[in-house]
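Here are some exercises to work through with a structure on your screen. Try each task yourself before you read its solution.

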Amino acid sequence: MIGWWRRRGQATRLEYYVRGTLYGQLVVSPLLIGALVQLSVGATALAVVVAGSVVHTVVCLRLAHAGINAYLGLRPQPVALVVAGGLLTALGVGAGYAAYPRADPGHPDGPATAILLMLSATYVAALAAAVRPRSAVAAAVACCAVGAFSSGAGSTIALGVLLVSFVFAYRTSLWILGMVRELDRARHVQAGLAVAEERLRFARDLHDVVGRTLSVVALKAELAAQLARRGREEAVDEMLEVRRIAQDSLTELRAVVGGYRAADLDVELAGARALLTSAGIECRIIGDGAALPPPLQGALGWVVREGTTNLLRHSEARSCVVTLRTLPSSVTLTMTNNGVPSSGTIVFGGGLIGLTERITALGGTVSAVRTPPDSFQLLVSLPASAVS
């Protein structure tokens with residue numbers, strides 16, 4: 001149970017809390033009604049009151065559930081349930097006043113007032129999740145007006161304060177829930193945009209280098225073909241020029257890819273922390289890679305890049321810890337994050353496959369495992385002699 005709860009995101013946890021609070025308040029209504037009226041009515045009347053309250057509560061539960069879904073944009077407004085709940089409330093209150101038109105001797109309020117209190121509280125609480133606040137307040141005022149004809153001013157004011165506080169409390173909870181869900185969606189969008197921006201940057205660099213060169217090669221090759229058809233000796237020179245341009249382009253391409261792959265490790269760690277923090281993920285870095293050789297920093301920088309991309313794309317992480325350990329014989333980098341289901345098989349995609357190939361070529365190892373209850377660990381180990 002604890003592991004299941006920890007695997008839920010913050011927005012999902014808050015949604016469960018809001019729903020549970022509202023549903024719980026609605027469920028206890030029949031019990032409270034029974035407690036309020038059991039000393040004033042007989043057993044048969046008590047059974048009828050409780051049975052009617054149970055039916056009323058079920059309708060209000062469905063109304064609250066549908067209202068929350070409508071507020072979150074998951075379904076349309078539950079108009080039919082609003083009307084059904086209102087009719088049941090009116091019928092229940094009317095039946096209560098018809099059966100008990102007067103209070104018991106020595107008591108300011110009778111069973112009918114208790115029925116009005118609990119039915120109206122249940123309905124207004126459910127209604128607050130389904131309609132605008134002013135509509136829920138209007139329903140609360142109507143309930144208070146009914147109570148004013150049979151109860152004292154003190155009871156009416158208390159009922160009004162109770163109903164309006166329900167409206168305020170539940171609408172505030174729904175507003176907070178909506179804001180948290182929006183922030184959660186924005187975090188995922190921001191993470192996706194960060195990944196897309198990095199891909200676009202790399203694609204732009206490749207286009208600038210390769211696209212321009214291929215255009216020149218195409219023109220030169222066409223010129224060489226025309227010269228060859230005419231039997232001109234200059235065709236050989238043009239083809240040699242094409243070869244030189246192609247070789248220069250290959251050198252530039254390697255420089256672009258090398259610059260993308262070989263980055264300063266501390267810069268990559270700082271960039272990863274800034275990116276994750278902006279996405280709402282707490283990131284802690286343990287260790288310092290400033291003393292490592294540049295080639296080794298480049299390899300580990302690629303690990304940080306790929307690990308951060310996977311974390312943003314494939315998890316609901318709320319925290320991440322990057323640990324760098326330097327030993328005389330090896331260097332180990334570990335990235336651990338939560339927000340990953342504990343079940344299922346880890347499938348290496350293109351990024352992890354490419355990362356494994358690069359690290360293996362240097363004599364290192366790559367390990368990706370799930371750890372209970374909801375964590376994922378990327379572990380890369382490289383021998384210190386890999387760059388010597």
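**Exercise 1: a residue and its surroundings**

In which strand is the place of Pro 383? Describe its surroundings too.

Step 1. Pro 383 lies in strand 5. Strands here are DSSP runs of E with at least two residues, helices are runs of H or I with at least four residues, and both are numbered from the N terminus.

Before going on, two notes on the model. This is a predicted model, in which local features need pLDDT of at least 70 and side-chain atom pairs count only at pLDDT 80 or more, while totals for chains, interfaces and linings use all residues. Residues are numbered from 1 along each chain as its sequence is written, and side-chain values use heavy atoms, with hydrogens and water left out.

Step 2. Check the accessibility: with a relative accessible area of 21%, Pro 383 is partly exposed. (Buried means under 20% relative accessible area, exposed over 50%, and partly exposed in between, with a 1.4 Å probe and protein chains only.)

Step 3. Look for its contacts, where contact means heavy atoms within 4.5 Å. Apart from neighbours within four places in sequence, Pro 383 touches Ser 329, Ser 330, Leu 362, Gly 363 and Gly 364.

Step 4. Take Gly 363 from that list: it is 20 residues from Pro 383 along the chain, and their C-alpha atoms are separated by 6.7 Å.

**Exercise 2: the sheet**

Work out how the strands are arranged.

Step 1. Begin with the order: the 5 strands form an open sheet in the order 1-2-3-5-4, with mixed pairing. (Two strands pair if DSSP finds at least two bridges between them.)

Step 2. Find the edges. Strand 1 (282-286) and strand 4 (365-371) each have a single partner strand, so one side of each has no neighbour in the sheet.

Step 3. Compare directions: on average, neighbouring strands are turned by 10° against each other, direction ignored. (Axes are lines fitted to C-alpha atoms, for helices over the stretch in contact, and angles run from 0 to 180 degrees between N-to-C directions.)

Step 4. Follow strand 5 (residues 375-383), which runs antiparallel to strand 4 and is joined to it by 7 bridges. These two strands form a hairpin with 3 residues between them. Arg 370 stands opposite Phe 376 of strand 5, and Ser 367 has Leu 379 as its bridge partner.

Step 5. Turn to strand 3, which is joined to strand 5 by 8 bridges and also runs antiparallel to it. Here Val 331 faces Leu 382.

**Exercise 3: a residue in strand 3**

Is Asn 337 buried or exposed?

Step 1. Locate Asn 337 in strand 3.

Step 2. Its relative accessibility is 7%, so Asn 337 counts as buried.

Step 3. List its contacts beyond four places in sequence: among them are Leu 311, Ser 315, Cys 320, Asp 374 and Phe 376.

**Exercise 4: the whole chain**

How many helices and strands does the chain have?

Step 1. The count comes to 12 helices and 5 strands.

Step 2. Of the 388 residues in the chain, 39% are buried.
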